[in-house]
Amino acid sequence: MNKTITTMVLCLMVVWNGTDASAIEPNSPTKPNIVFILCDDLGYGDVQCLNPEHGKIATPSVDKLAAEGMIFTDAHSGSSVCTPTRYGLMTGRYSWRTKLQNGVVQGFSPNLIAEDRPTVASFLKSQGYHTGIIGKWHLNFQYVDPDTGTELNKKTVKKGLAPVGSKIPDGPIHRGFDYFHGFHHARDMKCVIENDEVIELDEEINMLPRLTRKAVQYIDDRANDANESPFFLYVPFGSPHTPIVPTSQWQGRSGLGAYADFVMQTDAAVGEITSALQRNGLSDNTLVIFSSDNGCSKAADIPQLAKQGHLVSAGYRGSKADLWDGGHRVPFIVRWPGKVAAGSRCDQTICLTDLFATLSDLTGQSLPEGSAEDSVSFLPALSGEPIDSTRAGVIHHSISGHFGYRQGKWKLLLAKASGGWSSPTEKQAAKGSPIAQLYDMQNDPAEDTNLYETHPEVAERLLAQLEADVTRGRSTAGSESKNDVDTIKLWKSGK
């Protein structure tokens with residue numbers, strides 16, 4: 001593990017190329033376009049340039065993006081599973097502050113984002129941005145029969161899919177987006193939605209090509225828009241999440257199996273989006289961010305990939321659903337020509353919840369009242385400067401609702417084991433195991449040596465900060481806030 005991390009660091013180390021830090025100016029007369037590409041279940045080690053020793057899947061498009069911009073080596077999703085991360089990305093607030101205390105949503109229910117809660121999209125829209133989402137929503141919405149006006153139930157519709165013509169009264173276009181084309185989540189991917197209506201049923205294998213085509217079309221349309229308003233394009237791909245369905249063009253291309261083929265097809269989709277920006281002359285004034293919602297899923301057949309030399313988490317422990325870093329340490333790459341130095345890197349800790357505050361800082365507009373309680377601007381990092389944070393640390397969360405806390409080099413996990421799917425799970429933890437885990441991530445990035453019982457003073461300090469951040473309703477400085485639920489259980493495996 002240490003050899004892997006050392007090699008990765010050496011491969012990524014660069015010299016600043018002279019980009020002027022003052023080039024990033026909030027309130028610039030010309031606001032940049034923003035494209036945020038979010039993969040689904042893409043592991044940190046699945047991007048080849050982040051995992052030079054044990055990354056066997058070719059990802060030339062993302063590697064090129066990294067070479068032209070900045071790599072964040074210590075970026076984390078708000079959770080180690082889909083829905084909570086997406087909630088945090090859109091709102092700047094941890095999802096466990098809502099009624100969703102574990103797991104993910106299943107659709108056919110009211111939107112998890114409250115109607116009056118500001119989102120990244122509504123914030124940018126208020127500043128004149130055209131806002132589009134092309135891809136996976138996975139934050140719940142309802143389906144309504146267009147003839148009767150009654151809400152549809154997943155158990156009563158054919159094959160669990162809302163019929164063509166069904167209306168959506170609380171979807172993305174009701175949470176700040178001007179345009180939506182995509183689907184809700186993996187289990188109903190066949191149900192294609194545009195704006196507030198189900199427009200057709202299609203096979204899952206066609207979804208990634210569809211989203212790629214629509215994202216390129218969106219960029220072409222915005223480039224030809226006479227109003228010349230800036231745009232925010234959010235592209236949450238459904239890949240390489242299950243169903244793992246690379247098209248015939250990509251099947252067998254990796255030589256490592258279907259998952260690796262699907263990763264390569266997703267990488268090519270990223271390339272098509274960045275090529276569309278280039279072709280339309282938009283690259284220089286477009287901030288592009290690439291990331292993933294959590295770590296690689298066990299559905300990828302992680303052991304088989306490892307036998308072939310590919311480590312999905314680049315040597316970090318665990319994978320999707322876990323509290324260990326493989327569950328939530330994610331690729332995070334930023335490109336903005338002339339503003340972010342090509343080939344640069346940042347080792348500061350950030351979270352996907354930080355997008356909201358960063359865009360507030362970038363546009364020079366204050367955060368809306370009652371928003372982004374867990375968001376810190378990483379804008380200074382894009383110029384190679386320290387992030388000025390009022391947040392003491394980053395809170396981690398697993399599929400089962402187990403909590404973790406990261407502050408500097410220290411990481412506290414309120415779990416006996418993975419807190420997720422990797423072995424040992426909480427039920428598999430050895431009898432007599434410590435009730436929690438504490439790791440020195442600087443000297444032990446593989447989380448091999450549990451220091452919980454030998455450094456009790458560190459564990460108590462981090463636990464006290466975690467408790468304060470949870471009960472205050474926010475982890476940053478600001479006006480008083482409240483969680484949506486009265487009680488949040490910190491210890492899931494008993495104390």
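The model is predicted, so please read every value below as computed from its atoms.

Let us begin with the whole chain. Nine helices and 16 strands make up its secondary structure. The radius of gyration is 21 Å, close to the 23 Å that the globule rule gives for 495 residues, so the chain is as compact as a globular protein of that length. If you draw a box along the principal axes, the C-alpha atoms fill roughly 60 × 60 × 55 Å. Of the 495 residues, 60% count as buried. Among contacts with a separation of 6 or more, 74% are between residues 24 or more positions apart.

Now pick out helix H2, which covers residues 60-67. Its buried residues are Ser61, Val62, Asp63, Leu65 and Ala66. What do the buried residues of H2 pack against? Their partners are strand S2 (70-72), helix H6 (258-279), strand S9 (286-292) and strand S10 (332-335).

Lys411 sits in strand S15, residues 410-413. Is Lys411 buried or exposed? With a relative accessible area of 0%, which is under the 20% cut-off, Lys411 is buried. Its side chain has polar partners there: the side chain of Asp325 makes a polar contact with that of Lys411 at 2.6 Å, and the backbone oxygen of Leu323 is 2.9 Å from a polar side-chain atom of Lys411.

For contrast in setting, move on to Lys431, in the loop between S15 and S16. Lys431 has a relative accessibility of 87% and therefore counts as exposed.

Thr242 and Pro243 are joined by a cis peptide bond with omega at about -5°, and Pro243 belongs to the loop between strand S8 (231-236) and H6. A cis bond also runs from Ser423 to Pro424, where omega is near -5°. Pro424 is in the loop that links S15 to strand S16 (437-440).

Two residues other than glycine have a positive phi. For Asn195, phi is near 55°. Asn195 lies in the loop between strand S6 (191-194) and strand S7 (197-201), and its 25% relative accessibility makes it partly exposed. For Asp301, phi is near 65°. Asp301 is in the loop between S9 and helix H7 (302-307), where its relative accessible area of 40% also counts as partly exposed.

Conventions:
Residues numbered from 1 in each chain as written. Predicted model: local features only at pLDDT ≥ 70, side-chain atom pairs only at ≥ 80, totals over all residues. Heavy atoms only, no water. Buried < 20%, exposed > 50% of the residue type's maximum accessible area, 1.4 Å probe, protein only. Helix = DSSP H or I, 4+ residues; strand = E, 2+ residues; numbered from the N terminus. Contact = heavy atoms within 4.5 Å. Rg over C-alpha atoms; globule rule 2.2 N^0.38 Å. Polar contact = N/O pair within 3.5 Å; in protein donor to acceptor, adjacent residues only side chain to side chain.
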